[in-house]
Amino acid sequence: MAITISDGPNQGPPARPSGTARTGPDDGRPTGPGGTTGPDDGRPTGPGGTTGPDDGRPTGPGGTTGPGDDGPTAPGGARLGAAPQVGFVLAAVAALVLALRAPAGLAVLGLALFGVLHNVLELRYVAGRFAAVLAGPLLRLLLVLVTGIALCRLVPPSLVPRTVAQAAEILLAYGLLAAACRSGLRGRPLLLAGSGAVLAGAAAGSLAFPAYHFVVLAHLHNVVPLLFLWEWSRRLVRGRALFLVLQCGWVLVVPAVLLSGVLDGVLAPGTGWTARLAVGYTPPAWLTPGVGLRFLAVFAFLQTMHYVVWVWFLPRYAPDATGAFERRVPALRGGRAWLLGGAVGGLLAVLFAADYAQGRTVYAALASYHAYLEFPVLLMLVLGLGEAPAAAVPLPTPTSLPAPTAPTAPTSLTSQAPPTPVPAPTEESP
């Protein structure tokens, strides 16, 4: 028979029927297993009847709470303390200084050291966090299309002219977006037709101006973390505004300042090496030595912060995505993803040192998977089609306990044994 335990002002605890468990202090709180309660703060107890610190956070497995102010708490929201905020500021300052003084070196060395590793960790996050989107027939189709893009990047110009390979890559890239729209808008024909028209127009523009397409793609890939961080920040119950201001600062404000020319006085003089690299990151109509150097500095800065997000922040502060991925791909549990990224990255670094152009080609092919798979996910998020819920580490579901045999035996939170002797009752889960 279910009963309700309540108290009001100047009331003592309700009478306890014979054969039922004791309640805790006179504060209206239900008891945990063993008839014990946690501190007098109104929080429910975790397994073992324990609670976490007196901060209003729900408890996690074992009655413990999540990390402190430096990390998310379980579930119902997370709080982000000063450490990660300061970490982003320090990383942005260091990246800006290096981008101003050695943009080419920062871009090349950063790619050699962290390129492959961030590929692996980004794929792990996206595949874990957005498993509902990247699954089934859609995932298989996307993988086929991205593999085609990788082959377009690997094929030597002696076999297929570069212009033809680039046109094929552009068509396959828009095919990815079209597949995502078709999957998400199947039951909304008008919106699907409108999306198809927009994609067709954009594809025509990209085919007409391929050099601009790839310059935009290079910078857009480094800006994409802002959208993933924005989506991640929905779990924050405090500090979200400051967090988003910091992210918008390094993604939008710093590049705008660099491109304005305000920092040209401290920007290192250009060289032949920087001029060659700047071609890939500067719109052709603006390709002058000064402007090209600015765009190269912007790319080097954003690429470095891109690595900060995927190699440091999200692996540390989004463990739920890692856990979801490891359930899908048990072979890469624990530190195996890091080992894979480090091992392949080491081999690629050797290739970079021996032949930079060849190493860049191989890396571009490998990077196709993480760079292109994120766009269908983001498109569906923008359209509100594949939105993942705010992640949180789930609390364990209490299991049924043995039937009470004495007045102090544990009972569930919502039911107690009847006052008269009857066969052992079945308890209800809270």
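A residue counts as buried when its relative accessible area is under 20%. Keep that cut-off in mind, because it comes back all through this tour of a predicted model.

**A first look**

Start with the overall picture. The protein has 13 helices and two strands. It runs to 430 residues, and 44% of them count as buried.

**A covered helix**

Now zoom in on helix H11, which spans residues 319-328. Seven of its 10 residues are buried, so this helix is mostly covered. Which residues of H11 are the buried ones? They are Asp320, Ala321, Thr322, Gly323, Ala324, Phe325 and Glu326. What do they pack against? The answer is helix H2.

**Two helices side by side**

Two packed helices are described by the angle between their axes and the distance between the axes. Helix H1 covers residues 82-101, and its axis comes within 10 Å of the axis of H8, the two crossing at roughly 10°. Angles under 35 degrees count as roughly parallel, and H1 and H8 therefore run roughly parallel to each other.

Who does the touching? On the H1 side you'll find Gln85, Phe88, Val89, Ala92, Leu96 and Leu100. Across from them, H8 brings Leu242, Phe243, Leu246, Gln247, Trp250, Val254 and Leu258. Sort the residues of this contact by type and you get 11 nonpolar, two polar and no charged.

**Charged pairs**

Side chains of opposite charge can pair when their charged atoms come close. Here the structure holds five salt bridges. Here are some of them, with the distance from N to O:

| Pair | N to O distance |
|---|---|
| Arg129 and Glu231 | 2.7 Å |
| Arg153 and Glu169 | 2.8 Å |
| Arg294 and Asp264 | 2.7 Å |

Take the pair of Arg129 and Glu231, whose side chains meet in a salt bridge. Arg129 belongs to helix H2 (residues 103-129) and Glu231 to helix H7 (residues 225-232), so the bridge links distant parts of the chain, 102 residues apart. Are these two buried or exposed? Arg129 is buried because its relative accessible area is 9%, and Glu231 is buried too, at 7%.

Next comes the salt bridge between the side chains of Arg153 and Glu169. Arg153 sits in helix H3 (residues 136-154) and Glu169 in helix H4 (residues 162-184), 16 residues apart. Arg153 counts as partly exposed, with 23% relative accessibility, whereas Glu169 is buried at 5%.

The last pair in the table is the salt bridge of Arg294 with Asp264. Arg294 lies in helix H10 (residues 289-317), while Asp264 is in the loop between helix H8 (240-260) and helix H9 (272-278), so the pair ties together parts that are 30 residues apart in sequence. Asp264 counts as partly exposed, at 30% relative accessibility.

Gly345 has its place in helix H12 (residues 336-354). Its relative accessibility is 9%, so Gly345 counts as buried. Gly345 and Leu113 are 232 residues apart in sequence, yet their C-alpha atoms are 6.8 Å apart in space. Which residues is Gly345 in contact with, leaving aside its neighbours within four places in sequence? Those are Ala112 and Val116.

Ala203 lies in helix H5. With a relative accessible area of 12%, Ala203 is buried. Not counting residues up to four places away in sequence, Ala203 touches Ile170 and Tyr174. From Ala203 to Tyr174 the C-alpha distance is 6.5 Å, and the two are 29 residues apart in sequence.

Leu191 is found in helix H5, which spans residues 189-208. Leu191 is partly exposed, with a relative accessible area of 36%. Its C-alpha atom is separated by 9.1 Å from that of Cys181, 10 residues away along the chain.

Conventions
Residues numbered from 1 in each chain as written. Predicted model: local features only at pLDDT ≥ 70, side-chain atom pairs only at ≥ 80, totals over all residues. Heavy atoms only, no water. Helix = DSSP H or I, 4+ residues; strand = E, 2+ residues; numbered from the N terminus. Buried < 20%, exposed > 50% of the residue type's maximum accessible area, 1.4 Å probe, protein only. Salt bridge = Lys/Arg side-chain N within 4 Å of Asp/Glu carboxyl O. Axes fitted to C-alpha atoms, helices over the stretch in contact; angles between N-to-C directions. Parallel < 35°, antiparallel > 145°, perpendicular 65-115°, else oblique. Contact = heavy atoms within 4.5 Å. Nonpolar A, V, L, I, M, F, W, Y, C, P; charged D, E, K, R; others polar.
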